[in-house]
Amino acid sequence: MSQLAEQRYPNVAELVLSARELAAHRPDLSTLRQVGASRAGRPLHLLSVGRSPHAVLVVAGAHSNEPAGGSTLLHLAEWTLRDADLRADTSWHFLLCADPDGAALHRTPAPRTLLDYHRHFFRPAGPEQPEWSPSVLPPDRLPPETRALTGVIDELRPYLQVSLHGTDLGGSWVQLTRDIPGLAEPFAKSAAELHIPVETGASDAAGWPVSGPGVHVLPGPGSAAAYPSLPEDARHTTWHHAHRYGGLTAIVEVPMWASDLVDDLAVHPAPVLALRGVAQRLRHDARLVEEILGDALPRLPRAHGPLMRAARWALDLVPGLADDWDTLPPAGNSMAYVGSVDAFGRRLPLRAAAMALRVLDAAGDRAAPRLERLVVHWSDAFAERFKARWVPVEHQVEHQSRTVVAAARHARAGGD
């Protein structure tokens with residue numbers, strides 16, 4: 001695949017073109033159709049391979065800043081067309097991009113550094129994310145991307161939905177809405193072969209039961225959230241929509257830059273003090289961004305678009321999250337978990353600053369250079385703290401693809 005050889009991520013138009021070529025090459029096995037439209041009118045496309053009523057749905061682009069999923073999806077489509085065994089008792093369906101509007105705003109096809117990645121960064125506010133919006137919005141206010149995704153699930157009734165996600169810096173992990181026995185072994189083997197660390201203490205899955213290293217299972221109803229201040233609840237996302245048909249969802253995370261610090265299972269010598277330090281730095285960094293925006297925004301009365309909404313959303317999470325880390329017992333005590341929380345605490349103000357900088361830059365505001373200095377410094381410090389090393393795109397794609405296929409095989413075997 002040319003995009004992989006060039007170490008770049010395809011944009012949505014390239015994804016659609018490749019999918020159209022695949023469908024035209026094997027019309028007996030595959031179709032490409034529109035299944036909805038975004039808020040801005042951009043089409044949402046579904047590529048289907050195979051005819052079995054037993055379906056796997058693979059979703060890419062749910063978070064616009066996690067670009068590996070599009071390449072993985074194309075790789076999987078080629079794999080399923082090539083391998084008759086994969087489609088012998090399973091049809092495969094690929095939602096090319098769940099959020100094409102977000103993808104149009106996040107433009108980093110070939111980042112060389114974390115600073116490159118953040119120069120054109122965008123990740124929507126929670127209510128505007130297609131998978132997460134049901135956890136923070138009432139049903140009558142869900143965006144059309146969410147309704148399109150749930151409509152596809154209603155139509156296909158997949159025994160497995162896989163959502164392709166990624167992290168900027170860290171390791172690979174899997175989140176499951178129900179356990180898939182046997183998945184942990186091929187997942188770990190693939191990661192080891194491709195020199196991708198397994199993130200054993202992912203803060204995204206803090207407090208979740210563990211099925212194997214880096215494989216986390218969503219807690220059941222009534223369990224307490226590790227971070228009560230966060231408004232989203234994974235149990236109310238589109239991930240659970242497949243459950244009404246007896247299915248489940250796997251979320252497969254893969255890093256752009258790897259850190260060998262995130263798979264350290266050793267006990268941290270002082271996790272409570274470490275998290276308090278992370279909370280203190282988080283408040284400090286967010287305050288620096290707030291001060292700059294407090295100066296600039298009165299001069300920019302029209303700065304209320306998706307970039308600034310997303311920056312504001314990230315900053316509004318800070319007080320509660322810092323209090324959670326300050327006052328609650330740690331959800332884990334390993335070096336890996338403390339490191340993952342440290343990374344989380346660095347991401348929030350950095351992402352807010354990066355998105356706000358794009359707004360201030362476009363307006364030519366005099367506060368932009370101050371914000372840019374923060375983005376440059378924090379990007380470099382993030383990479384240095386975690387000893388970031390680039391994961392070749394083909395390795396990101398291969399690992400994510402192997403994990404998806406293993407999940408499908410084990411989930412299918414478990415359902416028979």
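**Close-up views of cavities, pockets and a helix pair**

**View 1. The largest cavity is lined by N65, E66, P67, A68, Y117, H165, G166, T167, D168, V254, M256 and R351.** The structure is a predicted model in which local features need pLDDT of at least 70 and side-chain atom pairs count only at pLDDT 80 or more, while totals for chains, interfaces and linings use all residues. Residues are numbered from 1 along each chain as its sequence is written, and side-chain values use heavy atoms, with hydrogens and water left out. On a 1 Å grid over the protein atoms alone, a cavity is a set of points where a 1.4 Å probe fits but cannot get out, and lining residues have an atom within 4 Å of a point. Helices (H or I, at least four residues) and strands (E, at least two) are DSSP runs numbered from the N terminus. Five lining residues are nonpolar (Ala, Val, Leu, Ile, Met, Phe, Trp, Tyr, Cys, Pro), three charged (Asp, Glu, Lys, Arg) and four polar (the others, Gly among them).

**View 2. The second largest cavity holds about 30 Å³ of space.** Its lining consists of V12, V16, P43, H45, L96 and C97. Helix 2 and strand 2 (43-49) are the elements that give two or more residues to this lining. By class, five residues are nonpolar, one is polar and none is charged. A search of the whole structure finds two cavities of 30 Å³ or more.

**View 3. The largest pocket has about 1,000 Å³ of space.** Closest to its centre, of 44 lining residues, are W132, D204, L230, E232 and F344. Two or more residues each come from strand 5 (160-170), strand 6 (173-176), strand 9 (248-258), helix 9 (306-327) and helix 10 (335-363). Helix 10 gives the largest share, six residues. The lining divides into 24 nonpolar, 10 polar and 10 charged residues. A pocket is an open set of points with protein on both sides within 12 Å along at least five of seven lines.

**View 4. The second largest pocket has a volume of about 420 Å³.** Of its 24 lining residues, P10, N11, V12, A103 and H106 are the closest to its centre. Helix 2 (12-25), helix 3 (68-82) and helix 4 (100-105) each give two or more residues, with the largest share, three residues, from helix 4. Twelve lining residues are nonpolar, eight polar and four charged. V12 also lines the second largest cavity.

**View 5. Helix 8 (residues 271-296) packs with helix 10 at an angle of about 5 degrees, their axes 9 Å apart.** The two helices are therefore roughly parallel (angles under 35 degrees). Axes are lines fitted to C-alpha atoms over the stretch in contact, and angles run from 0 to 180 degrees between N-to-C directions. The contact (heavy atoms within 4.5 Å) includes L275, V278, L282 and V289 of helix 8 and V338, V341, L348 and A356 of helix 10. By class, 18 of the contact residues are nonpolar, one is polar and four are charged.

**View 6. The protein has a mean pLDDT (the predictor's confidence in each residue, from 0 to 100) of 95.** A pLDDT of 70 or more is reached by 98% of the residues. Over residues 1-5, pLDDT stays under 50, and the model has 12 contacts beyond four places in sequence for them.

Definitions and conventions: Points joined across faces, edges and corners; volume = space filled by probe spheres on them. Parallel < 35°, antiparallel > 145°, perpendicular 65-115°, else oblique.
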